[in-house]
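Subject: Structure handover

Hello,

Here is the structure you asked to look at.

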Number of protein chains: 2
Amino acid sequence: MANIRDIAKHADVSVTTVSRVLNEHPYVSKEKRVRVHEAMKELGYLRNQQALTLSTGKTQRIVVILPYMDHPYYGFFVNGLAKAALEHNYRLVMWQTEYKLNEERQALDLLKHREVDGAIVLSHEMSFKEMETYRAYGPIAVATVGAPETISSIHVDHYASFISGIRVLQEHGYEEIGIILSRSHSPSSLARQQAYFDEVAHARQQWIWTGYLTSEDGIRLAETFLSQKERPRALFFSSDYVALGFLGEMQRRHIAIPEEVAMLGFDGHPIGHAFGLSTMLSPNEKIGRRLFETTLAEMNGAQPETHGMTVSYQVGTTL
Amino acid sequence: MANIRDIAKHADVSVTTVSRVLNEHPYVSKEKRVRVHEAMKELGYLRNQQALTLSTGKTQRIVVILPYMDHPYYGFFVNGLAKAALEHNYRLVMWQTEYKLNEERQALDLLKHREVDGAIVLSHEMSFKEMETYRAYGPIAVATVGAPETISSIHVDHYASFISGIRVLQEHGYEEIGIILSRSHSPSSLARQQAYFDEVAHARQQWIWTGYLTSEDGIRLAETFLSQKERPRALFFSSDYVALGFLGEMQRRHIAIPEEVAMLGFDGHPIGHAFGLSTMLSPNEKIGRRLFETTLAEMNGAQPETHGMTVSYQVGTTL
DNA sequence: GTATCTTCTGAAACGCGTTTCAGAGCAAGC
DNA sequence: GCTTGCTCTGAAACGCGTTTCAGAAGATAC
């Protein structure tokens with residue numbers, strides 16, 4: 001495959017001139033520019049991206065770190081990221097961690113080895129303290145709360161969002177409320193619990209169910225929930241998919257929603273809409289976009305930024 | 001940041017020796033090996049992946065081309081791909097095309113510019129004829145049918161799968177069957193239509209609904225379906241999400257499933273299970289794995305392969 | 001007419017790890 | 001004692017595009 005030196009020889013110009021033509025530098029005479037273009041066509045020249053990357057030090061790649069690519073929760077984030085990346089001529093390198101700390105480290109090592117220009121972290125086990133040790137090698141943006149100043153954070157304000165969700169439930173007359181969370185120790189779960197205790201007068205520790213991530217978990221939850229003696233009148237889920245699993249199983253058991261138990265989801269997935277799930281709509285695609293744009297801005301010298309986004313109520317029939 | 005030459009100087013050995021230590025070449029004396037390791041530690045050496053890539057010509061990256069990353073249909077494929085890639089120390093570069101031919105071209109151009117070692121195409125607008133023009137630059141594997149010999153294909157045998165789905169419907173006593181397809185001109189849709197006409201005695205052109213991709217489309221379909229005078233007794237969907245949208249809307253309208261119309265989905269998404277959707281289980285995660293492994297094998301000199309996978313019936317309550 | 005720009009060109013160095021090749025030193029084979 | 005072979009080492013070339021720097025030629029300024 002022809003390289004820049006072959007082109008130079010063929011067009012009888014210097015390598016520098018060919019490079020200038022490639023980069024549309026103005027100081028090339030029309031005549032030579034034409035000759036170079038012809039040579040490139042004749043030899044079927046294709047610029048070697050690797051060489052460019054080594055030379056400039058810019059990879060035009062960003063690593064995206066998330067637990068599972070097929071978990072619907074991340075779909076909107078990734079979609080926003082993908083669109084923004086495409087627009088700015090960046091490629092996304094996806095790294096699936098399965099919640100393993102070691103995989104997160106490997107993914108961030110790409111930064112150290114200059115395989116990518118930046119990192120976007122949608123979920124992490126790693127402490128921010130450790131994450132900061134990677135910061136010297138490139139910008140990092142997270143979709144979670146609690147990041148230090150050096151790390152950009154574009155996230156859903158889970159505390160405020162849960163407060164507003166609880167208010168929606170209260171406006172519908174529900175006072176005895178339970179909440180369904182994902183991993184119990186994650187910052188978002190902690191914020192949600194805090195909101196729960198701050199805002200719900202009848203809050204009870206045993207009305208917090210943790211460890212529910214998927215629709216299958218939602219199915220399981222139905223059994224657990226129904227076996228409980230004292231049950232809340234409404235459930236606030238932190239994920240639409242868990243809510244849907246629960247809803248499906250309740251339907252199967254012919255238990256009326258919202259008469260027996262009211263439900264409020266979180267995310268706003270279209271599939272929830274089909275089953276009339278009331279939910280808190282989260283601007284995840286927009287967050288994805290902004291995560292990318294923030295990272296890009298940082299690469300161009302901007303300061304890290306922190307921004308919390310809020311959610312809105314989407315009417316359904318489960319309240 | 002220290003490079004290999006700095007290490008060489010610091011350890012008072014040649015650059016070659018440092019390279020040998022990095023690559024665990026046996027012909028390095030213990031003494032020098034130790035000196036090199038010490039120098040690397042002292043200077044905080046990090047191997048520059050870019051330089052390695054330029055030097056070896058191997059990127060350890062594969063581009064994955066698909067219309068939308070957040071479409072649940074692709075979730076399992078991508079999951080399988082991601083797991084296999086991780087195991088073999090490859091990175092996945094995701095390219096979202098939104099069904100645009102031009103985006104597919106850009107994605108495959110990565111191959112030409114040596115930005116990736118291979119390409120995996122989960123869905124494409126591009127003709128195989130055009131796709132073959134990229135073949136010279138690296139292995140390509142598709143998840144669709146009809147690929148020429150030069151392009152690997154690991155796919156669901158849509159014809160056989162639709163036949164077996166139709167048989168399931170017939171075994172449940174349904175003769176008047178309609179089918180719901182995605183894009184009408186895609187090879188999979190054509191194969192499905194063929195199976196429909198070959199296997200269903202009462203097949204009718206107006207019982208083929210095309211253009212249904214998402215759960216929102218499924219909701220829309222309910223209206224269209226119900227407004228039709230002569231309706232089939234059963235619907236065979238080519239996507240669980242479309243089926244679920246339809247199912248939700250039918251529930252909202254208090255129309256009994258399967259009494260009014262029986263439903264059979266396709267894919268086997270967990271969320272379908274929650275709502276008792278009968279479906280044809282597709283081994284998409286396995287296909288993802290094999291797509292990667294095939295591509296890897298081709299990079300190591302193996303021939304392209306074609307393999308059709310079959311689906312199995314997953315019992316639900318919508319038949 | 002001299003000084004100062006502007007335009008255009010190319011040699012060489014740079015980014016950095018790998019590979020090839022030549023050769024030195026030493027041991028085993030016969 | 002001489003050949004063969006193995007172990008170890010490093011200089012130089014290679015992959016390939018970009019950038020720096022020096023300089024030539026022509027144009028403009030005053």
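A salt bridge here is a side-chain nitrogen of Lys or Arg within 4 Å of a carboxyl oxygen of Asp or Glu. By that rule, there are 2 salt bridges between chain B and chain A. In one of them A:Arg91 and B:Glu115 meet through their side chains, at 2.5 Å from N to O. Side chains of opposite charge can pair when their charged atoms come close.

Before the rest, some conventions. The model is predicted, with local features needing pLDDT of at least 70 and side-chain atom pairs counted only at pLDDT 80 or more, while totals for chains, interfaces and linings use all residues. Residues are numbered from 1 along each chain as its sequence is written, chains are lettered from A and ligands numbered from 1 in the order in which they are written, and side-chain values use heavy atoms, with hydrogens and water left out.

The interface

Contact means heavy atoms within 4.5 Å. On that basis 51 residues of chain B touch 51 residues of chain A. The two chains bury about 4,800 Å² between them, 61% of it on carbon and sulfur atoms; buried area is the accessible area (1.4 Å probe) that two parts lose on being put together, summed over both.

There are also 13 residue pairs in polar contact between chain B and chain A, both residues at pLDDT 80 or more. A polar contact is a pair of N or O atoms within 3.5 Å; within protein, one must be able to donate a hydrogen and the other to accept it, and residues adjacent in sequence count only if both atoms are side-chain atoms.

Which elements of chain B each supply at least two residues of the side that touches chain A? They are helix 4 (49-56), helix 5 (72-87), strand 2 (91-96), helix 6 (101-112), helix 10 (215-227), helix 11 (240-252) and helix 12 (270-274). Helices (H or I, at least four residues) and strands (E, at least two) are DSSP runs, numbered from the N terminus. The residues on this side of chain B divide into 24 nonpolar, 15 polar and 12 charged.

Strand 2 (residues 91-96) of chain A pairs with strand 2 of chain B in the antiparallel sense, over 3 bridges. Two strands pair if DSSP finds at least two bridges between them. A:Met94 has B:Leu92 as its bridge partner there.

The sheets

In chain A, 6 strands form an open sheet of mixed pairing, in the order 7-6-8-9-10-12. Its edge strands are strand 7 (208-209) and strand 12 (312-314) of chain A, each pairing on one side only. Strand 8 (residues 234-237) and strand 9 (residues 262-267) of chain A run parallel and are joined by 3 bridges, with A:Ala262 as the bridge partner of A:Ala234. Helix 11 (residues 240-252) of chain A packs on the sheet, touching strand 6 (177-180), strand 8, strand 9 and strand 10 (279-281), and its direction makes about 150° with that of strand 9 of chain A. Axes are lines fitted to C-alpha atoms, for helices over the stretch in contact, and angles run from 0 to 180 degrees between N-to-C directions.

In chain B, 6 strands form an open sheet in the order 7-6-8-9-10-12, again with mixed pairing. Strand 6 (residues 177-180) and strand 8 (residues 234-237) of chain B pair in the parallel sense over 4 bridges.

Backbone details

A cis peptide bond joins A:Ile257 and A:Pro258, with omega about 10°, and A:Pro258 lies in the loop between helix 11 and strand 9 of chain A. In chain B, a cis peptide bond joins B:Ile257 and B:Pro258, with omega about 10°.

Regards

Terms used: Nonpolar A, V, L, I, M, F, W, Y, C, P; charged D, E, K, R; others polar.
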